[in-house]
Amino acid sequence: MERIVSSPRPNWSAKLEEIGLTYHSADQEPLSGAEGGLWWHEGAHWRFSSAEVDALDDATVELHARCLDAVDHLVTREPGLLREAFHLPDWFSDYICRSWRRGDPALMGRMDLAFDDVTGAIKLLEYNADTPTLAIETAIAQWVWLQDTHSGADQFNSLHEKLLERFTTLAPLLSGQPMHFAAFADSPEEWAHSTYFRDLAQQAGIATRSIDINRIGWRRPDFLDEADETIRFLHKLYPWEWTIRDHFGLYLAEDGCGVLEPPWKALLSDKAILAVLWRLFPGHPNLLEAVPGRVFLAGGNCVQKPCLGREGANIALIRAGLTMATTDGPYAPEEARFVTQALARLPQRDGWNALIGSWVVSEAAAGIILRESQAAILRDTSRVVPHLFL
Amino acid sequence: MRRSRSIRLTLLAASAIALQACGSEDVDAADVVVPDLAACLERFGVAAQADCQRSFAEGQTRHIQTAPRFASVEACREATGGACEVTPARAADKALVAPGLASVAIPVMAGLMIGRMLENGSGRVTVPLYSGRPPSPCDPSQAVQDCTTASRGQTPNTGAMWRYYHAYGAYAGSAPERRGAAAFTPSTAIAADIASPRNTATITRGGFGASARGFSSSS
């Protein structure tokens, strides 16, 4: 893989706004600071070979299959570990087990992968299986970028098509009832994503409604929207770990409402799953050694991260036993659970580290998006860059 | 090819977009905008006459069901900037209809967006389109309001620019009575609900979202 410096399209910001990506600069100034400024950055792109894309596709499908194995193991064989490793209230672990056993359908997820371009190893860093964003950047922004700048090249990116297919498959399950799409209306990125998913659902023939997550109502036995219409199917861009702490969380377990992503996805988006995966599949070529807690792994090259951390916050990176980098953030209160994972090598070019976000829709790999940073730990401020392959 | 063949956006984008990947001119994989039956035949061929007619019939039905509804033609023109017609009022329109009147105004359907053939062979989705001036940009804080989207097109004869919009039961116009979807698209299900005694129970709101203070939901 190569990093190629290229000129942004002259009208790039208007192009992004036209497709609904209005937060492309997200309070960051162009060309300033260590991160290089700007959320969406097309002053560079990464180029892969066809073989590398095949390897990423295979690794993604394989990892997702092993993740499903891990959920099945926790639900059917080791429910004790499920409660202990994930610290879940009983009602929620019961709800998770129920949702897994009856096969509640899932929509999508995004794995963060480290692609060591020296050894060729592809390793799972974590799985954003519950509330993944970067979908607009992947499916539309970089697709349009490719059309405009390298129309002869290909891109590992069928996210839009696969999501549309997936919603089309889900549509008959709704028996003509609408699906409500809930997100925070005051977060442009999250609201835009919720709108995008709703757009796809609607194109697949599903009737949809949008609702601010704060405005969802409850009158037993139903969740209601602002028009007091019953919410039978809910897509929420709001993570399960917060949902269950909320006043209404418990009511979802009454099962009056189907939810995307389903409750069992809470196990995969919790980084405690990384230690479970390593225990079940030790030495798996796509997994990094991982153990519960904040410890030092053999060799002293490891990363300690909170199980419910988000966007690169509260992470400590340790090399040869010394803490080399840390990030701050709100996800490490005293009672927070941690996982320690062996350190993976990220590809670096011109001082930029690249992290690959690899999409899963249903059970297929649906493409990638890259983030790059000059810092060792990628954060929500790290810029998003397009890719292509030849 | 590992990328999507075509991308269509109807809600998210500032204007409804139908894009084709370069080099793939497959009629079944494309979304097209057709102003009338003749254009549909031109695009899909005379062999598709029955399909085109069915699409327009479906589109017309969907149009009557989902077009934004206004109390008068004037209010409709004011909000949409386009031509409007009247249609019989339904039970759900009672908040809108002046006493003694039996009709509401809706924008005239200016064309159809015909979706690509769905993967499972279950046909194409059709979306009614309206013409008019651009709606005000969607404000994310206006949560319940479904954003209306628009698309540009060349008029075949004059080459002048006009805009297509579609509205799935909501229209982001400027008329004050358009604030809030609740006032506009009450379904029959709600009408039944209002009549039921269950409605006397209290609805609580705000039970979701409290755990998010200072955090970001995305990951």
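Analyst: Quick ground rule: helices (H or I, at least four residues) and strands (E, at least two) are DSSP runs, numbered from the N terminus. This is a predicted model, where local features need pLDDT of at least 70, side-chain atom pairs count only at pLDDT 80 or more, and totals for chains, interfaces and linings use all residues. Residues are numbered from 1 along each chain as its sequence is written, with chains lettered from A and ligands numbered from 1 in the order in which they are written.

User: How many helices and strands are there in chain B?

Analyst: Reading from the N terminus, chain B runs β-β-β-α-α-α-β-β-β-β-β-β-α-β. That gives four helices and ten strands.

User: What share of chain B is buried?

Analyst: A residue is buried if 20 or more other C-beta atoms (placed from the backbone) lie within 10 Å of its own. Chain B has 219 residues, and the buried part is 37%.

User: Over in chain A, which residue in β17(A) is the bridge partner of Met108(A)?

Analyst: Strand β3 covers residues 108-115 of chain A, and six of its eight residues are buried. Two strands pair if DSSP finds at least two bridges between them. β3(A) pairs antiparallel with β17(A), residues 352-361, over six bridges. In β17(A), the partner of Met108(A) is Val361(A).

User: And which residue takes a positive phi in the hairpin of β3(A) and β4(A)?

Analyst: β4(A), residues 122-128, runs antiparallel to β3(A), with six bridges joining them. One of the bridge pairs is Asp112(A) with Glu126(A). The hairpin has six residues between the strands, and the one with phi near 85° is Gly120(A).

Terms used
Buried ≥ 20, exposed ≤ 12 C-beta atoms within 10 Å, placed from the backbone.
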